[in-house]
Amino acid sequence: MDRVVDLDEVAAVLAGRTVGRRSAGLEVGQVTWRDAEASWPQPLETDRARVHDRDSVGLVISGPGEAELSVVLFRGGWADVDFSADLDDAGSLPDSGVASASDFEARLNQWVARVFGVCGDAQ
């Protein structure tokens, strides 16, 4: 798989937004990593040092009323995005063509705003 996006840069972006999102009333889970070299089923790791061939990085953000956003970005530049804003508003927002950490950050801000109705770029 091509390495389009630097997943370590993406993890730094995610970490940089954690405090702001928490102050906006959201719960931000730990970043998870998947190692392409691991045997199937590939476990998700929270310790970056345990991952040698980074394949994906993921995060779950939760909010009021059991709203939840789950995002997994793959190094090839696509993301699996699942959300539940409320009982009548849930689904998937698959995305592709993510070109960089800053591109991913802009998209994540849009998804956060879509699901939680709060400013997605909370710092």
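**Core, helix packing and loop features of a predicted model**

At 45% relative accessibility, Glu9 counts as partly exposed, a class that lies between buried (under 20% relative accessible area) and exposed (over 50%), as computed with a 1.4 Å probe on protein chains only. The model is a predicted one, in which local features need pLDDT of at least 70 and side-chain atom pairs count only at pLDDT 80 or more, whereas totals for chains, interfaces and linings use all residues. Residues are numbered from 1 along each chain as its sequence is written, and side-chain values use heavy atoms, with hydrogens and water left out.

Glu9 is found in helix H1, where helices (H or I, at least four residues) and strands (E, at least two) are DSSP runs numbered from the N terminus. Although Glu9 and Asp103 are 94 residues apart along the chain, their C-alpha atoms are separated by 11 Å. Leu7 also lies in helix H1, but this residue is buried, with a relative accessible area of 2%. Leaving out residues up to four places away in sequence, Leu7 touches Trp33, Arg54, Asp55, Ser56, Val57, Leu73, Phe74 and Arg75, contact being defined as heavy atoms within 4.5 Å.

Two packed helices are described by the angle between their axes and the distance between the axes. For H1 and H2 the angle is about 35° and the axes are 9 Å apart, the axes being lines fitted to C-alpha atoms over the stretch in contact and the angles running from 0 to 180 degrees between N-to-C directions. In this contact, Glu9, Val10, Val13, Leu14, Arg17 and Arg21 of H1 meet Ala101, Phe104, Glu105, Leu108, Asn109 and Val112 of H2. The contact residues divide into 7 nonpolar, 1 polar and 4 charged, where Ala, Val, Leu, Ile, Met, Phe, Trp, Tyr, Cys and Pro count as nonpolar, Asp, Glu, Lys and Arg as charged, and the others, Gly among them, as polar.

In soluble globular proteins, nonpolar side chains tend to be buried together. The largest nonpolar core of the model holds 29 residues, of which Val10, Leu69, Leu73, Phe104, Leu108, Trp111 and Phe116 touch the most other members; such a core is a set of buried Ala, Val, Leu, Ile, Met, Phe, Trp, Tyr and Cys residues joined through side-chain atoms within 4.5 Å. At least two residues of this core are supplied by each of helix H1 (7-23), strand E4 (54-62), strand E5 (68-74), strand E6 (79-86) and helix H2 (101-116), and the largest share, 7 residues, comes from H2. When residues up to four places away in sequence are not counted, Trp111 touches Leu69, Val71, Ala79, Val81, Leu93, Asp95 and Phe104.

Most residues other than glycine have a negative phi, and most peptide bonds are trans. In the loop between E2 and E3, which contains Pro41, the peptide bond from Trp40 to Pro41 is cis, with omega near -5°. Gln42 is found in this loop, between strand E2 (32-35) and strand E3 (44-45), and its side chain is joined to that of Arg34 by a polar contact of 3.3 Å. In the loop between E4 and E5 lies Glu66, whose phi is near 65°, a positive value in a residue other than glycine; Glu66 is exposed, with a relative accessible area of 74%. A polar contact is a pair of N or O atoms within 3.5 Å; within protein, one must be able to donate a hydrogen and the other to accept it, and residues adjacent in sequence count only if both atoms are side-chain atoms.
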